[in-house]
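Keep the structure open while you go through them.

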Amino acid sequence: AMPVFELAGQGVWKVKGTGKNYVSGIVPKTITQTRKDIKEWLSAQQLATAAENAKRYPLYNLYAEIQKDLHLRSQINNRMLKSLSRAFVIKDKNGKIDQELTDLLNNQNWVYGINKAILETVYNGHSLVELNYENEKLTTTLIPRQNVDPVNGLIFFDYTDDGKKVEYRKQKEYGSWLMEFGGNKDLGLLNGCVPHVLFKRFAQSCWSELAEIYGIPPRVMKTNTQDKTMVNRAKQMMTDMGSAAWFIIDDSESFEFAKGVTTNGDVYKNLITLCNNEMSMGISGAVVGQDTANGSNAKETASISIVQDLVDSDLTLLEQNWNTTVIPGLVLLGIVPEGVSFGFDPTEDLTELWKMTTEAAAFLEIDPAWVKTKFGIEVVGAKKADPARLSLNIPEGFFV
């Protein structure tokens with residue numbers, strides 16, 4: 001295929017052609033903000049996995065809603081940003097690092113967009129990305145997942161209208177301007193987080209009602225409710241006394257708090273904690289930095305190690321998708337030459353690398369120039385050993 005782009009210098013690609021721009025034809029939709037429940041989740045899940053005429057938009061609308069939960073959002077960010085912040089390398093067909101192309105791609109917004117779309121397949125199951133050329137810049141746009149049917153390979157321009165669709169895998173742009181990541185039937189980790197976010201919201205709602213009633217008890221006034229004059233006077237008195245809830249009952253009636261109101265909300269707190277822990281287990285594989293009552297340094301260290309294992313798997317996912325999908329597409333567009341590969345420097349973890357370097361320095365000669373390049377430490381020379389620290393050097397009369 002003939003190249004579509006040519007390098008114009010300073011990391012800018014000059015366009016010679018363009019894709020079809022499927023994103024511009026998608027009809028924007030407003031996501032309803034009504035309260036969600038488990039029944040709605042089960043219905044959306046069943047519709048997404050239907051054998052015939054499956055629809056994913058209710059489930060993905062639900063995914064968009066639950067990601068407003070700050071705890072869930074923080075867990076996803078903690079894991080994703082560790083991978084997105086890692087610098088990658090591009091190697092030529094001989095296995096040597098192409099530093100110029102590496103530096104160029106590491107500073108491109110559209111590359112960040114592709115990496116983000118790849119990592120989001122862990123949580124959403126699927127991503128379909130379209131490259132475009134706008135304002136003399138290459139851009140990456142995620143086609144809304146609500147509008148994509150990955151099982152049958154369809155893009156719905158209006159996900160409520162089955163008539164407006166296109167088979168994207170049969171288009172000439174597929175594999176170059178259109179890049180697909182993730183599994184066709186995978187619903188992602190967020191599917192397991194939905195019930196925990198919904199139960200958490202329920203617990204928070206109940207707890208807030210308890211705080212309103214228990215924190216500021218309602219005021220009660222007894223009067224003769226048959227006498228309109230007395231009732232009106234009672235209303236005026238209760239209104240003038242403050243903004244707390246109030247009501248008027250007959251002098252022959254009585255009002256009492258239900259027994260459950262005397263609780264301090266532990267039942268809701270425990271449910272919220274359970275939901276947070278379950279979401280952490282699903283996204284991070286461990287509960288990190290949350291359990292202040294039963295936490296310990298050893299537990300936190302082990303949990304962080306588990307999270308790092310997941311980050312390493314995400315880096316592997318990026319490598320696989322780049323080398324099997326992204327780079328072949330970029331070769332077709334003339335953005336990168338044939339034979340290059342994408343990867344991460346295994347020594348990029350500077351904390352672990354520094355530990356290995358200091359341990360090896362006791363037995364091996366370390367290149368000062370490499371230390372300066374890798375860690376930014378100006379090395380003048382080897383430090384002379386202090387004789388006082390190498391022997392007992394016991395002064396005379398010490399044992400007297």
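Does Glu 167 count as buried, partly exposed or exposed, and at what relative accessibility? Bear in mind that this is a predicted model.

**Solution.** Start with the value for Glu 167, a relative accessibility of 37%. Buried means under 20% and exposed over 50%. Glu 167 therefore counts as partly exposed. Now look at its salt-bridge partner: Glu 167 pairs with Lys 170, and their closest N and O atoms are 3.2 Å apart. Lys 170 has a relative accessible area of 65%, so this residue is exposed.

**Exercise 1.** Which parts of the chain does the salt bridge between Arg 145 and Glu 120 tie together?

**Solution.** First check the contact: the closest N and O atoms of Arg 145 and Glu 120 are 2.9 Å apart. Next, place each residue. Arg 145 sits in the loop between strand 5 (137-142) and strand 6 (148-149), while Glu 120 belongs to helix 5 (residues 109-124), so the bridge links parts that are 25 residues apart in sequence. Finally, consider burial: Arg 145 counts as buried at 11% relative accessibility, and Glu 120 counts as buried at 13%.

**Exercise 2.** Find the residue that forms a salt bridge with Lys 372, then classify both partners.

**Solution.** The partner is Glu 378, with 3.2 Å between the closest N and O atoms. Lys 372 has a relative accessible area of 43%, which makes it partly exposed. Glu 378, at 57% relative accessibility, counts as exposed. Elsewhere, salt bridges with shared partners join Glu 65, Lys 68 and Arg 201 into one network.

**Exercise 3.** How many salt bridges does the structure hold?

**Solution.** The total is 10 salt bridges.

Notes
Residues numbered from 1 in each chain as written. Predicted model: local features only at pLDDT ≥ 70, side-chain atom pairs only at ≥ 80, totals over all residues. Heavy atoms only, no water. Salt bridge = Lys/Arg side-chain N within 4 Å of Asp/Glu carboxyl O. Helix = DSSP H or I, 4+ residues; strand = E, 2+ residues; numbered from the N terminus. Buried < 20%, exposed > 50% of the residue type's maximum accessible area, 1.4 Å probe, protein only.
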